[in-house]
Amino acid sequence: MGIGLDFNFAELQRALTQQLTDLQRQVVPRATRIALERVAITLRKEVAIELRKELNISAARAKDAVDIRARDASLVMSVDPKPIGLRDFDAKAGPTGVSYKFGPKTGRKVWRTKYGGSFIVAKIGGHAFVRSSKKRLGITKLTGPSAASAFRRDAVQARVNAIAQERFAVEFQRALQGIG
């Protein structure tokens, strides 16, 4: 499904289980699962926020690009590697072609080719296209960078790792208090 991270909390769970009574040994795996599910929800939101800082896309599009699942004692996260259509980058039709804005800190640019400017087709969901030949149907859909390319940046991954570690400690304590 694309680029991903794997947060493994199994070692922490094993260390805790060795120091507990029989009743507590039944509670720790359940509390771990509950905490991981809560951390997954928080991480998806935080990754979407980080992607929006890097790319000029909507919150819904950013959340759709991220998939996080809790498995056993770990979280598996994957980010969609497919390029995002230009319409999601605030594409607007202008007299010389389609203008777009990839990042919040970059200016607007216009997409042009030697066969003429680009255009938006409203009947196909407002996607942007450009002519790839002189023929009538020689068109190509315009896309921008993928969510995975923004997620690969070290600053984004470091922030996500820090949030995962911090939130797991908090959510694990809450889960233990709720069960016990």
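Author: A polar contact here is a pair of N or O atoms within 3.5 Å, where one must be able to donate a hydrogen and the other to accept it. The model discussed is predicted.

Reader: With the side chain of which residue does the side chain of Ser 99 make a polar contact?
Author: Ser 99 sits in strand S6, residues 98-100. Apart from residues up to four places away in sequence, Ser 99 touches Asp 90, Ala 91, Lys 92, Arg 108, Lys 109 and Val 110. A polar contact needs N or O atoms within 3.5 Å. At 3.2 Å, the side-chain partner of Ser 99 is Arg 108.

Reader: Is Ser 99 buried or exposed?
Author: The cut-off for buried is under 20% relative accessible area. Ser 99 has 15%, so the term for Ser 99 is buried.

Reader: In which loop is Asp 90 found, and what is its phi?
Author: Asp 90, one of the residues that Ser 99 touches, belongs to the loop between strand S4 (83-85) and strand S5 (92-93). Its relative accessible area is 37%, so Asp 90 counts as partly exposed. Although Asp 90 is not a glycine, its phi is positive, at about 55 degrees.

Reader: How many helices and strands are there in the protein chain?
Author: Helix H5 covers residues 154-179, and strand S6 covers residues 98-100. Over the protein chain, the count is 5 helices and 11 strands.

Reader: What is the mean pLDDT of the protein chain, and which element has the lowest?
Author: The mean pLDDT is 83, and 89% of the residues reach 70 or more. Helix H3 (residues 59-64) has the highest mean among the elements, 91. The lowest, 64, belongs to strand S1.

Reader: How far does H5 reach from its first C-alpha to its last?
Author: H5 has 26 residues, and 38 Å would be expected at 1.5 Å a residue. The span in the model is close to that, at 37 Å.

Reader: Which residues of H5 are buried?
Author: An α-helix has 3.6 residues a turn, so residues three or four places apart point the same way. The buried residues of H5 are Val 156, Val 160, Ile 163, Ala 164, Phe 168, Glu 171, Phe 172 and Ala 175.

Reader: What is the length of the polar contact that joins the side chains of Glu 171 and Arg 167?
Author: Glu 171 counts as buried because its relative accessibility is 5%. Setting aside neighbours within four places in sequence, Glu 171 is in contact with Ala 35, Arg 38 and Val 39, while Arg 167 is in contact with Val 39, Thr 42 and Arg 174. Both Glu 171 and Arg 167 are in helix H5. The polar contact that joins their side chains is 2.6 Å.

Reader: Which residues does Thr 32 touch, not counting residues up to four places away in sequence?
Author: Thr 32 is in helix H2. With a relative accessible area of 2%, Thr 32 is buried. The C-alpha atoms of Thr 32 and Ser 74, 42 residues apart along the chain, are 9.2 Å apart. The residues that Thr 32 touches are Gln 13, Phe 168 and Phe 172.

Reader: What percentage of the residues in the protein chain is buried?
Author: The chain exposes about 10,700 Å², with carbon and sulfur atoms supplying 50% of that area. Of its 180 residues, the buried ones make up 37%.

Technical notes
Residues numbered from 1 in each chain as written. Predicted model: local features only at pLDDT ≥ 70, side-chain atom pairs only at ≥ 80, totals over all residues. Heavy atoms only, no water. Helix = DSSP H or I, 4+ residues; strand = E, 2+ residues; numbered from the N terminus. Buried < 20%, exposed > 50% of the residue type's maximum accessible area, 1.4 Å probe, protein only. Contact = heavy atoms within 4.5 Å. Areas by Shrake-Rupley, 256 points an atom, 1.4 Å probe, with all protein chains shown as cover. pLDDT = per-residue confidence, 0-100. Expected span 1.5 Å × (residues − 1).
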